[in-house]
Amino acid sequence: MNRALAALALTVLSIAFAGCASDPRQGYSTGTAFDRNIGSVEIRLFDNLSFAYGMEIRLADAVVKEIQQQTPWQVRTGQNAQTTLSGAITDVRLRARSVARDTGLVQEQAVEITLDFQWRDNRTGSILASRRGFRVTETFVPSLGAGERIEVGENVAVQEAAREVVAALRSGW
């Protein structure tokens, strides 16, 4: 019985992977969606055009960690890097998401980060990816019950922005 079950499992897996392509642009893939011809990326500190102090440092740190965890690339500096990611945080805003009916106080609030970024191939000078007005919004709860500080909302928004920026660096689908 165990052999029959193992054979069935092997058959199902082989059928499932038979439909997978090695190139993500050609269908389902078990391989990485990040360009294997790129070995390294330099992360420049984003310009901060907003009034959110230190947001550019937190974003650069989060992008570095996300690249190290999710891509096959190494993070390098200067002339050692094959590509360079740079950009600007253009705006950081707080938006009320919900208000208590009885007090009128904000219960849920959102941190909205707007940024522009550009990913350049240092070998050819070509632009690999570019976004303008890229917006990420994340919610936190400053009300008395949860009492989350604004830094909680900012940190969650920075982490999500880093995930979205790195996701935008995937190979063309």
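**Strand β5 and its neighbours**

Reply: In this predicted model, 11 bridges join strand β5 to strand β6, residues 127-140, and the two run antiparallel. They form a hairpin with 5 residues between them, and G125 in that turn has a positive phi of about 85°. Within this pairing, F117 stands opposite R131 in β6.

On its other pairing, β5 (residues 106-121) meets strand β4 (residues 83-99), again in the antiparallel sense, over 15 bridges. V99 stands opposite V106 in β5. Here too the strands form a hairpin, with 6 residues between β4 and β5, and G104 in the turn has a positive phi of about 80°.

The aromatic residues come next. A search of the whole structure finds 2 aromatic pairs. W73 and W119 form a tilted pair, with 5.1 Å from centre to centre and 40° between the planes. This pair links distant parts of the chain: W73 is in the loop between α2 (55-70) and β3 (74-75), whereas W119 is in strand β5, 46 residues apart. Both W73 and W119 are buried. The rings of F117 and F134 have their centres 5.5 Å apart and their planes at 90°, so this pair is edge-to-face. It also links distant parts of the chain, with F117 in strand β5 and F134 in strand β6, 17 residues apart. F117 counts as buried because its relative accessibility is 3%, under the 20% limit. F134, with a relative accessible area of 16%, is likewise buried.

T137 also lies in strand β6. Its relative accessibility is 29%, and it therefore counts as partly exposed. Leaving aside residues up to four places away in sequence, T137 touches R97, A110, V111 and E112. T137 and E112 are 25 residues apart in sequence, yet 4.3 Å apart in space, C-alpha to C-alpha.

Of its 173 residues, 33% count as buried. Among contacts between residues at least 6 apart in sequence, 65% join residues at least 24 apart. The accessible surface comes to about 10,900 Å², and 50% of it belongs to carbon and sulfur atoms.

Terms used
Residues are numbered from 1 along each chain as its sequence is written. This is a predicted model: local features need pLDDT of at least 70, side-chain atom pairs count only at pLDDT 80 or more; totals for chains, interfaces and linings use all residues. Side-chain values use heavy atoms; hydrogens and water are left out. Two strands pair if DSSP finds at least two bridges between them. Helices (H or I, at least four residues) and strands (E, at least two) are DSSP runs, numbered from the N terminus. Buried means under 20% relative accessible area, exposed over 50%, partly exposed in between (1.4 Å probe, protein chains only). Contact means heavy atoms within 4.5 Å. Accessible areas come from the Shrake-Rupley method with a 1.4 Å probe; for residues, only the protein chains shown count as cover. Rings of Phe, Tyr and Trp (its six-membered ring) pair if their centres lie within 6.5 Å; planes under 30 degrees apart count as stacked, over 60 as edge-to-face and the rest as tilted.
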